[in-house]
Amino acid sequence: MPDYDPKTIEAKWQQRWEEEKSFKVEDDPAKPKYYLLEMFPYPSGRIHMGHVRNYTIGDALARFKWMKGFNVLHPIGWDSFGMPAENAAIQNKSHPDTWTHANIKTMTEQIKRLGLSYDWDREIATCEPEYYRWNQWSFLKFLERGLVYRKNSEVNWCESCNTVLANEQVVDGLCWRCDNEVVTKLQEGWFFKITDYADRLLEGLQDLEQGWPEQVRTMQANWIGKSTGAEVDFQIKDSKESIKVFTTRPDTLYGATFMVLAPEHPLTHSLSRGTQQETEIDTFIKKVKSQDKIARTSEGGEKLGVFTGVHAVNPLNGETIPVWTANFVLMDYGTGAIMSVPAHDHRDFEFARKYKLPIRIVILPPDGNTNADDLQEAMTELGPMTQSGAFDGLAGDEARQKVCEHLQSKKIGQATVQFRLRDWGVSRQRYWGTPVPIIFCGKCGTVPVPYKDLPVLLPLDAQLGDKGQSPLKSLDSFINVKCPKCKAPAKRETDTLDTFICSSWYFDRFTSPHNDQEPFSKKSIRYWMPVDQYIGGIEHAILHLLYSRFFHQVFRDMGLIDAKEPFSHLLTQGMVIKDGAKMSKSKGNVVDPDNIIKKYGADTARLFILFAAPPTKQLEWSDQGVEGGFKFLKRVWRLFEGSKNIFDYKPVGDDTGAEFQIKLKELQRMIHVTIKRVTEDIEKRMQFNTAIAGIMEFVNHLQKFFEWWMNHTHDPSAKGQAMFKEAMDTLILLLSPFAPHIAEEMWEQMGHPGTTHQAAWPEYNETFLKADEIEIVVQVNGKVRQKLSVPAGIDEESLKAQSLEDPRIQEWTNGKEVKKVIVVPKKLINIVVK
């Protein structure tokens, strides 16, 4: 019997799949489509176990869908622009282009060794001109639609990466790429007006309730942060300046006893000029700018503030109130200024008590006590207005509406809606990215590059500075051009686009990846989109997924796409950890996929990854688990090799023995039970671990049946051969999404044409699912203690185990020694205890 040889088997089938282009797919409206996509990788050098898990989950589902009769689009590509390539190029004295393409080559070889069912003819790399040309095209189309503008603004700046970062790219005050501190500075740059789509992005989340994890939808909703309230103008005393605030509680305006500006607010600096607070304000601003924004606004964070030296006037009651600046107010939300109502807001209450600022109750408490000195904490509940002039007694929505109407009539405010979401800053002062297709002309101003001149090529002969400074600013051959309008000498924009633009529409490009006339074919996009199943990490919940939804909505408004959302279903796979921590070189707990494949084979690596934990849960790496997966595949191979010759025998009639008929019927039942279980685990629950567990149980049953069969007959019957062949074919097909190489080899040796993914997925028959049962009497020391209904074909060991595990029997056996178990087949079992 040949040993299981994964190295030979896997090389054979990977070569055949590649030569035959087994997973190449074309548009076919006659077939139901299924678009499955894993988030495409950054070519960092080598794949890691996180990659393996992501791709293996997707591949198992893709193969299953092929077998279910779908036309499956399962593409692969490379998110290949970005800072890591520049950093590596500087360290290795190389060029980002050279480094990137070398990594793509290495990672392609690694991915192919996993036996993944990609259509490699659709491969894309975002650093190639045929791709980023359409980034530039999108930029110009967005510009035409009024969705792009340039402004001088305070931006997040990473000194280490030498570039601007979007708000979403700052995590706990650190750069999402290099984990170094992020500071703020003024910088001119380009912005996408994602805020124009805030409402639609929020409303669209309702369409994703059935397909997206609640956690991701909640994260996006919170990031968009819609609030309904009022904008109110507070005049600065003895000044023409005013402070515009946004509040969700206009019914508490009479309780505003001070105001707070964000340290970053322009008025914080300007209002303090000429006051005694000038130096203290400057010191405070500098201090707060270095603080993490999340820590500043956290519930338990320390509230720090400084008086600006000026006062404002409450527009409703005319009261003069002090203007402060504090660390818990951000420019990122509302107007960057708040009216502080300490009696009815927890942060304001804490701040007022700390700095001994006045507190006034303006919402009547249930006990009617309006003495603020008695407050132990802020009262945030709705209620009737009090100490609020003509508005006393009004409550809830009516109160807020009446106050807003009054503000509007006096032209001191208005009802409005605010979003936490800010426009997307897309300018980057880096080299390795998509050049912004803009030209600056002294006569014509800002001029878009004509579509016929796209792509604006990124010059590959440029040399990076030692700290990653972009060479584009000093590269005459790039920067000096003629104005497209007046033909006068002009300058190119030297910023490049945020690399998240590349990943905001790549899934569209996969539908027609080599189209040189448009970003994607309308015919193909209407057939394939939306992506039916998208798979990736939870860390992309806001950045990539929100930007992708924004791009999709703009393309939809342009008439390019029909689908309401880009991704119907989203699966966020859990992290792979080892020794209780995320795998990292610094912790010394990295497992190289290549080493596992060399030792055990790709099928073992895949099987372990899919069996060790449900896809959405954290997976703890286990060397013993890998070994267990390998042993299982060897068992399958031994069963296959040991039994396949049975089909070479000429069948001798039909074995009509009663016991054989019972065994055969139970085998038939197990075939259909396993098909149903595996099918539903994949299709309804996407629980690959339980699907594989079901296959393992099936293998155990097959092994026992085969051994019993061979021990009880020397002349296999036609009926036995047919049923066992059906069982083996079923096993191979059910196993094929998880361990495709060994499945292909067994399928071929069973004499079947084509590959497993071209075969139809087995269908179960409800008729065969129910077991024929018999009643067994269970005795303890000769006395009847229980009656069990068990499958008619149950073997002796299973019957013993079921009897001993029965709760009523355990009442008579607990604490006692089981001396022996006597089985009278099909009648009774007697447990002798002492």
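The lining of the second largest pocket divides into seven nonpolar, seven polar and eight charged residues, where Ala, Val, Leu, Ile, Met, Phe, Trp, Tyr, Cys and Pro count as nonpolar, Asp, Glu, Lys and Arg as charged, and the others, Gly among them, as polar. The model is predicted, so local features need pLDDT of at least 70 and side-chain atom pairs count only at pLDDT 80 or more, while totals for chains, interfaces and linings use all residues. Residues are numbered from 1 along each chain as its sequence is written, and side-chain values use heavy atoms, with hydrogens and water left out.

**Second largest pocket**
- Of the 22 lining residues, Met 670, His 701, Lys 704, Asp 795 and Ser 798 lie nearest the centre of the pocket.
- Two or more lining residues come from each of α20 (658-683), α21 (688-712) and α24 (796-805), and α21 gives the most, with nine residues.
- A pocket is an open set of points on a 1 Å grid over the protein atoms alone, where a 1.4 Å probe fits, with protein on both sides within 12 Å along at least five of seven lines; lining residues have an atom within 4 Å of a point.

**Helix packing**
- Helices α2 (residues 49-67) and α18 (residues 602-611), which are DSSP runs of H or I with at least four residues, pack at an angle of about 90° with their axes 9 Å apart.
- That angle makes α2 roughly perpendicular to α18, a term that covers 65 to 115 degrees.
- The contact of α2 with α18 has six nonpolar, one polar and four charged residues, contact meaning heavy atoms within 4.5 Å.

Notes
Axes fitted to C-alpha atoms, helices over the stretch in contact; angles between N-to-C directions. Parallel < 35°, antiparallel > 145°, perpendicular 65-115°, else oblique.
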